Amino acid sequence: MKIKKFLFAFVVMILSGLFAFGQQANKKAAMHKKVQQHTDAIFDELVEVRRDFHVHPEVSGQEERTSQKIADYLLSLGLDVKTDIGGYGVVGILKGDNEGKAVAWRADIDAMASDIPDVVDFPSVNKGVRHICGHDVHTTVGLGIANVLSQQQEDLEGTVYFIFQPAEETYEGAKAMIDDGLWDIAHLDEIYGLHISPFPVGTVATKSGSVFAHTNRIKIVYKDPDNEESKIDFTKNLISGFQNVAADSKFWDWENLGDPEIGIENPNTIFTDFLTVRNKFGVEKTDDRVIITATLNSSDKEQLNSFLKTLKQKIENSQYSEDLVSTEYSYEKAVVVNDEELTNGSMNSISEIYGKNSVIPLYGVVTADRGDDFAYFQQQVPGVYYFLGGANYETGVISMPHSPDFAVDEESIRFGVNYFSSVLIDRLNDH
Ligand SMILES: [Zn+2]
Ligand SMILES: [Zn+2]
């Protein structure tokens, strides 16, 4: 009898658990459906918003008008809004009616100097300034997500912080916002952000770990400038010897980043496990010192750490051992590094809700000077940085950031708002 009672209680427990789980799944499915309805309803308005930003671009540190427009829009949605953070930074706070995590969406808002005329029929009216990095789209997607999620505030569990960051192009804005007390406003559990990219419109691409190459500058100091030329030659050769990419290889042609066979979306990509020496070596001579510098790019940090160690050992084992004063990284660029669990979780969300063709898992690392100061946020909060597809190869729109003929398929705004409103709902309402 007792066993029967126990079994009954057990079955009831399981069933009610399943019921609660089913209810939660149903609730989220309904929320994702509402996301798409709301996005469609505001899409035309968002295109207008984007074009307004595009017509009035402002360079890093001077985003006064842009910032005002953002604040006005967020206030009109009923969000709590903080302004002038680290320059013209804005934070919009959307508090769900239920307790939960604190998650941020970051958009960069600045434009760039460019004298080449716009290729679109809503050109910039600010001479010499253009949105050719797509931050007008990023800003609009951020506002769109804020709008869509604010319409489901009663079902949200937790708080979304919308961070509109100035001065990304100068790599200063993220740090400036942090230094100006961003974390006092937002105690974050997770942070997300995107960049428009030449992937096809309707897709989103990313990977866990490094997305852009790590960039470090090495500095080697010798004393005793006698026979300095041989010391310099020895060091240059030593460093060059670590390079594992041939100077005449396809690696150096950026077009190949998107090549289906060898580009970053192929598991056999050539843009992985690389260490390269960029630019020329710098050599500085003083009365008692010879200083040699070089910039290194690598797909992973470990490789750079072990390079520094091995290089030091090799010099210590050479005839120049006595002259060596120091080997160090004199500069290390903050680099986007995606959290593995959050990357997989969010890409699964998009794939499940919007179809598996909407996600492109990446395998390679974007080379050379590219990067995003979103990296500074990720140093303190786990997060994910995505490449949102903005290209339409049928209409000839290839949204390569910083290219003079940069243009975006504006449908990318619809996809961006849908995908990432859903990601944020899943991140907040996940149990
Ligand atoms: Zn840029
Ligand atoms: Zn950019």
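The model is predicted, so local features need pLDDT of at least 70 and side-chain atom pairs count only at pLDDT 80 or more, while totals for chains, interfaces and linings use all residues. Residues are numbered from 1 along each chain as its sequence is written, chains are lettered from A and ligands numbered from 1 in the order in which they are written, and side-chain values use heavy atoms, with hydrogens and water left out.

**The zinc sites**

The table lists the donors of each ion, a donor being an N, O or S atom within 2.8 Å of the metal (3.2 Å for Na, K and Ca); water is not among the atoms, so sites may look incomplete.

| Ion | Donors | Distances | Spacing along the chain |
|---|---|---|---|
| Zinc ion (ligand 1) | C133 (SG), E169 (OE), E169 (OE), H402 (NE2) | 2.0 to 2.7 Å | C-x35-E-x232-H |
| Zinc ion (ligand 2) | C133 (SG), H135 (NE2), H195 (NE2) | 2.0 to 2.3 Å | C-x1-H-x59-H |

C133 bridges the two zinc ions, ligand 1 and ligand 2, which lie 3.1 Å apart. C133 lies in the loop between β5 (129-130) and α3 (135-150), and H402 in the loop between β16 (383-391) and α10, so this pair ties together parts that are 269 residues apart in sequence. Helices (H or I, at least four residues) and strands (E, at least two) are DSSP runs, numbered from the N terminus.

The site of the zinc ion (ligand 1) is irregular, with angles of 53 to 149 degrees among its four donor atoms. Four donors count as tetrahedral if all angles lie between 85 and 135 degrees; four count as square planar and six as octahedral if opposite donors are over 155 degrees apart and all others between 65 and 115; anything else is irregular.

For the zinc ion (ligand 2), C133 and H195 are among the donors. This pair also links distant parts of the chain, since H195 lies in strand β7 (residues 190-200), 62 residues from C133.

Buried means under 20% relative accessible area, exposed over 50%, and partly exposed in between (1.4 Å probe, protein chains only). C133 is buried because its relative accessibility is 5%, and H195 is buried at 7%, whereas H402 is partly exposed at 38%.

**Strand β16**

Nine of the nine residues of β16 are buried, so this strand is largely enclosed by the rest of the structure. G383, Y385, F387, G389 and A391 point one way from β16, and V384, Y386, L388 and G390 the other way. Strands pair if DSSP finds at least two bridges between them. Eight bridges join β7 to β16, and the two run parallel; S197 has G389 as its bridge partner in β16. Strand β8 (residues 204-206) runs antiparallel to β16 and is joined to it by two bridges, with A205 opposite F387.

Helix α8 (residues 340-354) has 15 residues and reaches 21 Å from its first C-alpha to its last, close to the 21 Å expected at 1.5 Å a residue, the expected span being 1.5 Å times one less than the number of residues. At its N-terminal end, D339 caps α8 through a side-chain oxygen 3.2 Å from the backbone nitrogen of E341. Just after α8, G355 takes a positive phi of about 100 degrees. The buried residues of α8 include L342, M347, I350 and Y354.

S422 lies in helix α10 (residues 411-428) and counts as buried at 1% relative accessibility. The side chain of S422 makes a polar contact with the side chain of Y354 (2.8 Å). A polar contact is a pair of N or O atoms within 3.5 Å; within protein, one must be able to donate a hydrogen and the other to accept it, and residues adjacent in sequence count only if both atoms are side-chain atoms. Leaving aside its neighbours within four places in sequence, S422 is in contact (heavy atoms within 4.5 Å) with H32, V35, I353 and Y354.
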